[in-house]
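Have the viewer open as you read.

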Amino acid sequence: MRAFSLTSLFLTFLSTLFLQSLIRGEAEHASSPPRGWNSYDSYSWIISEEEFLQNAQLVSQRLKNHGYEYVVVDFLWYRRKVEGANTNSLGFDVIDEWGRMVPDPVRWPSTRNGNGFAEVAKKVHSMGLKFGIHVMRGISTQAFNANTPILDVTTGKAYEESGRTWRAKDVGIKERACAWMKNGFMSVNTKSGAGLAFLRSLYQQYADWGVDFVKHDCVFGEDLDLDEISYVSKVLTELNHTILYSLSPGTSATPSMAKDVSALVNMYRITGDDWDNWRDVAAHFDVSRDFAAANMIGARGLRGKSWPDLDMLPLGWLSNAGSNEGPHRKGNLTLDEQRSQVTLWAMAKSPFMFGGDMRQLDESTLSLITNPTLLEINSFSSNNKEFPYISSTKKGRTRKSESRISNIGSSSTPGLTSCNDVEARGWSISGLGQVCWNEKSRNGLQEPFCLYKRKPIPTSDKVHLLEREMSDCLGASSNRKLTSKESKRGSFSPCGFHANQMWELTHNGTLMNSYSGLCASMKTVKANSVPTGARAWIATGRKGEIYVAIFNLNDQKADISIKIADLGKAIPGKNFDKASCKSREEWSRKDFGDVKDSVSAQIETHGCALFVLNCT
């Protein structure tokens with residue numbers, strides 16, 4: 001619970017800073033969803049300096065005029081591309097004398113002078129763009145094993161406190177290694193001056209290099225590290241160089257979880273990784289609806305606003321997750337599915353970060369990511385939300401559409417949410433000494449869900465939770481990186497001493513996980529779920545226009561319609577009972593003239609329609 005008091009302190013600090021910046025007339029940071037290009041979808045981890053600058057130059061030439069301003073090197077830019085190296089290998093990274101990651105000089109030859117990414121950033125800035133990098137939580141396992149000293153940036157020397165020099169093994173927390181990259185990185189002790197000094201030295205170095213954007217990974221969703229996010233946010237406000245702050249990944253993210261971080265950052269992922277298959281795209285409809293309903297779109301953020309992030313757009317020429325190859329295949333989404341994806345991203349006001357190889361950008365993909373109507377909606381629309389008042393006809397049947405999930409089986413293992421969420425309360429010790437979830441009326445269980453407990457360390461308050469006596473232990477987070485379509489909950493595996501398997505029952509009936517600081521909640525999760533049916537979103541434009549997007553999530557064509565009179569149910573203060581609306585559909589380029597009753601369209605499988613309405 002210490003993380004929450006630390007965060008409250010930083011939130012107070014940031015509120016004061018935000019008000020001061022307004023008084024000084026400083027530009028609002030991330031005033032609209034950020035837009036740019038990221039290397040991950042097309043290059044995995046292997047991109048070179050030459051390839052990156054080629055892509056950056058093309059972003060400058062072809063996308064900059066459409067508001068794309070960031071070019072971001074994704075993960076493992078410090079890993080040597082040699083035999084045996086992969087996304088979870090150990091001992092192949094390049095670190096400096098202080099245990100900080102520095103670019104691989106073979107892939108990034110301009111970094112051989114010891115100035116890190118400074119030359120790359122300078123070239124990117126000369127193109128009129130901003131330069132970004134991906135970083136991981138805490139400190140690397142390689143630095144921990146080498147026990148490198150910690151840099152004190154205020155003195156330029158090794159950090160000293162209590163009469164001794166502090167090193168990596170004094171601050172690294174092995175039990176809190178990143179759950180899906182355990183050979184890579186671990187949390188640092190933010191309760192120690194040396195741990196904070198190490199984090200400060202990282203971000204001071206990024207600022208010295210000229211970095212404008214940091215994507216901070218393995219710190220959100222199931223991997224939440226609220227203490228580290230809070231301190232990094234504080235450091236960023238104190239640098240002389242402005243850096244946009246992004247969090248990843250968003251596996252199992254909830255609005256209540258996001259409310260603890262949104263004011264500290266500028267964008268944060270709310271799903272697992274998004275790839276080019278329909279199940280990944282469809283998985284974003286429910287989560288984007290929930291974050292919109294919780295008023296998280298464009299909420300207060302670090303020095304400006306913050307935005308729920310639906311992940312990069314995997315369009316065009318791509319690589320594969322975890323691959324040692326660069327772009328070698330064309331994306332798998334149909335044109336209708338691509339249109340649905342970019343339309344949802346626009347209506348939900350997600351950051352637009354293109355992931356395809358710019359060197360092979362085709363005209364069809366270019367037209368999607370530079371569509372003027374989509375970019376107008378993404379930057380300037382308001383009141384963005386899901387619109388439930390729709391009717392659809394499929395196989396001769398007409399019905400009011402509602403969210404449906406096709407599934408096979410369901411899971412009754414705990415999921416995660418913020419410990420402040422009332423849905424997390426309901427755990428207690430039974431008469432048999434088990435830890436049980438007692439909310440029968442809420443989840444419909446006939447009997448309480450119970451787990452056996454045992455203390456892995458006699459002197460600790462933390463416990464292991466077992467499905468049966470002498471069986472495997474419950475872990476909260478996945479041991480591999482999940483994609484958007486995967487809704488994996490806690491799972492059982494051989495017991496160990498990783499914080500992911502350590503739990504603490506608190507006085508208010510919550511069950512807190514030691515790895516993330518999140519709490520367990522019992523909600524039925526349907527396995528292999530794929531949202532189906534018809535969906536719609538609505539938003540208002542800055543000139544009074546109304547945007548209505550209709551999506552067909554079914555595996556066959558559907559006729560879907562919306563009554564004009566129902567628009568008033570989503571737009572406060574307006575009555576549309578007798579309204580007449582000039583209607584245009586974006587993807588077909590059809591102008592329907594004046595419409596008084598309803599807007600409707602026959603929509604292809606996994607396709608969408610985007611109507612622009614001007615009503616009187």
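Serine 140 stands opposite phenylalanine 185 in β10. Before going further, a word on the ground rules: this is a predicted model, where local features need pLDDT of at least 70, side-chain atom pairs count only at pLDDT 80 or more, and totals for chains, interfaces and linings use all residues. Numbering starts from 1 along each chain as its sequence is written, and side-chain values use heavy atoms, with hydrogens and water left out.

Back to that strand pair. β4 and β10 (residues 185-188) are antiparallel and share 2 bridges; two strands pair if DSSP finds at least two bridges between them. Helices (H or I, at least four residues) and strands (E, at least two) are DSSP runs, numbered from the N terminus. Put together, that gives an open antiparallel sheet of 3 strands in the order β4-β10-β9. β4 (139-140) and β9 (172-177) are its edge strands, each pairing on one side only.

Here are some bridge partners, from this sheet and from other pairs.

| Residue | Bridge partner | Partner strand |
|---|---|---|
| Isoleucine 139 | Methionine 186 | β10 |
| Glycine 172 | Valine 188 | β10 |
| Phenylalanine 213 | Leucine 244 | β12 |

The β12 row belongs to a parallel pairing: β11 (residues 213-217) and β12 are linked by 4 bridges. β12 (residues 244-247) is covered on both faces, with Leu244 and Ser246 buried on one side and Tyr245 and Leu247 buried on the other. Buried here means under 20% relative accessible area, exposed over 50%, and partly exposed in between (1.4 Å probe, protein chains only).

The β42 row sits in another open antiparallel sheet, with 6 strands in the order β19-β36-β37-β42-β39-β40. β19 (382-386) and β40 (590-595) have a single partner strand each, so one side of each is left without a neighbour in the sheet. From one strand to the next, the twist averages 15 degrees. Inside the sheet, β37 (residues 546-552) and β42 (residues 608-615) pair over 6 bridges in the antiparallel sense.

Two helices lie across this sheet. α11 (residues 284-293) covers β19, β36 (534-540) and β37, at about 35 degrees to β36. α12 (residues 335-347) lies across β19, β36, β37 and β42, at about 140 degrees to β37. Axes are lines fitted to C-alpha atoms, for helices over the stretch in contact, and angles run from 0 to 180 degrees between N-to-C directions.

How do α7 and α8 pack? α7 (residues 193-209) meets α8 (residues 226-238) at an angle of about 50 degrees, with axes 10 Å apart. That makes α7 oblique to α8 (under 35 degrees is roughly parallel, over 145 roughly antiparallel, 65 to 115 roughly perpendicular, the rest oblique). Leu196, Leu199, Arg200 and Tyr203 are the α7 residues in the contact, where contact means heavy atoms within 4.5 Å.

Finally, two loop residues. Beyond its neighbours within four places in sequence, it contacts Tyr43, Ser44, Ile46 and Ser319. Glutamine 434 lies in the loop between β25 (427-429) and β26 (435-437), and is buried at a relative accessible area of 11%.
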